[in-house]
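Work through these exercises with the model open. Each task is followed by a stepwise solution.

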Amino acid sequence: MTGIGVDKMGHLADAAGGADILRLENLDTDVPPHPAAVEATRRAVVDDASNSYLPFVGQTRLRRAVAAHVARLSGAPCDGERNVLISAGGLSGILNVLLALVDTGDEVILTDPTYVGLINRVRLAGGVPRLVPFVKDRGDWTLDRDALRQSVGDRTRAFLLMSPSMPSGGVLTREDWLAVADIVRERRLWLVHDTAMQRILFDGRTVVDPAGLPGMAERTITVGSASKELRLIGWRVGWIAAPEPLVPDLALVSMGNVVVPVGIAQTAAAVALEAGDEDVARATATWQARRDLILREMEGLPVLRPAGGWSLLVDGAPLGLTGAEMSRRLFDQARIAATPMEGWGEVNGAQLLRLVFANEPVERLRGIGDKARRAWAS
């Protein structure tokens, strides 16, 4: 198990205090949830049915909303009663899936870099993470499809992939997903698809959902979250949409792990999902504007451009710095909290620093480029 580093930077920023500190270390956002979701939460607090263990697999309205959402994006059939379970957040859902699928020593393929919390969950389930690198391509991230094919071996059990990926913001293209699908079908593997940021895409990109590719609906387990797209972080709601034969095992693991998701939060998540894409698109436009500002401010610095998501990475290698050194200088000299990526990858890890742009408005981000240049040149 590897520490994620975010907690340490958060504690440092909290202890230092002061409204002038730029909080770029943690995946929070100041973009509020849909107002109807907030109102639904208020009503649920005094609703007796929401103050219950039942149903263990999640409330019917939310399961149906998830099924409609997953089916709409993938084009593959999904039924709320037969295919969907509600989890206590997306990462809890991923752990439940891994516990149900992975035996000790089974290998799970992820991208490099990837959120260390996902890597840790593979290890918690007894699995062995195998990392396939994103390649830096003229300031963008590109998946190394040759390395992807070479990563598959006799012990491979599943892919665990996220697009946009966290922390890089790298997006898998249709060709990338087709390459994954070929391997999954040929080897009869599983694809665990983390869709926490699936619709947070920049520069006019559109969603490509691998469950809709030929032969993939029966090999794909979709895990979603209300925390990122829907901005319901404190609600702790996620979901699993899986082929029907897997659902009994997933339900057993879910009940043995967290027992039941948060009752008073589930209607709010359903309402937010039912609101469709327009609400997510508005939030995404705000996040893209922040990304664009940082890219302009840091022009000439070794910044990797994210195609989606909430964060971008800076490569310290051309500056002769590690991610930890960049982080320390930013915090000490510029009052900017940002998390180094040590442990988040093998090829792409210790040399990288993550800047989260989801939680600070454009007005506060202005001037970040000059602050970074002074801190890193000193």
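A crossing is right-handed if the near helix is turned clockwise from the far one by less than a right angle, and left-handed if anticlockwise. Note that this model is predicted.

**Exercise 1.** Describe how helix 5 and helix 6 pack.

*Solution.*
- Locate helix 5 at residues 90-101 and helix 6 at residues 116-124.
- Take the geometry: the angle is about 30 degrees, and the axes are 9 Å apart.
- Apply the cut-off: angles under 35 degrees count as roughly parallel. Helix 5 and helix 6 are therefore roughly parallel to each other.
- Assign the hand: helix 5 and helix 6 cross in the right-handed sense.
- List the contact: Leu91, Ile94, Leu95 and Leu98 come from helix 5, and Leu118, Arg121, Val122 and Leu124 from helix 6.
- Sort by class: seven residues are nonpolar, none is polar and one is charged.

**Exercise 2.** Which hand does the crossing of helix 3 and helix 10 have, and which residues make the contact?

*Solution.*
- Find helix 3 (residues 60-74) and helix 10 (residues 263-274).
- Their crossing is left-handed.
- Helix 3 supplies Arg61, Leu62, Ala65, Val66 and His69. Helix 10 supplies Gln266, Thr267, Ala269, Ala270, Val271, Leu273 and Glu274.
- The classes are seven nonpolar, three polar and two charged.

**Exercise 3.** Which residues have the most contacts inside the largest nonpolar core?

*Solution.*
- This core has 91 residues.
- Phe159, Leu330, Leu355 and Trp376 have the most contacts inside it.
- Helix 8 (residues 174-187) gives the largest share, six residues.
- A second, separate core has 24 residues, among them Leu62 and Ala269.

Conventions. Residues are numbered from 1 along each chain as its sequence is written. This is a predicted model: local features need pLDDT of at least 70, side-chain atom pairs count only at pLDDT 80 or more; totals for chains, interfaces and linings use all residues. Side-chain values use heavy atoms; hydrogens and water are left out. Axes are lines fitted to C-alpha atoms, for helices over the stretch in contact, and angles run from 0 to 180 degrees between N-to-C directions. Helices (H or I, at least four residues) and strands (E, at least two) are DSSP runs, numbered from the N terminus. Contact means heavy atoms within 4.5 Å. Ala, Val, Leu, Ile, Met, Phe, Trp, Tyr, Cys and Pro count as nonpolar, Asp, Glu, Lys and Arg as charged, and the others, Gly among them, as polar. A nonpolar core is a set of buried Ala, Val, Leu, Ile, Met, Phe, Trp, Tyr and Cys residues joined through side-chain atoms within 4.5 Å. Buried means under 20% relative accessible area, exposed over 50%, partly exposed in between (1.4 Å probe, protein chains only). Angles under 35 degrees count as roughly parallel, over 145 as roughly antiparallel, 65 to 115 as roughly perpendicular and the rest as oblique.
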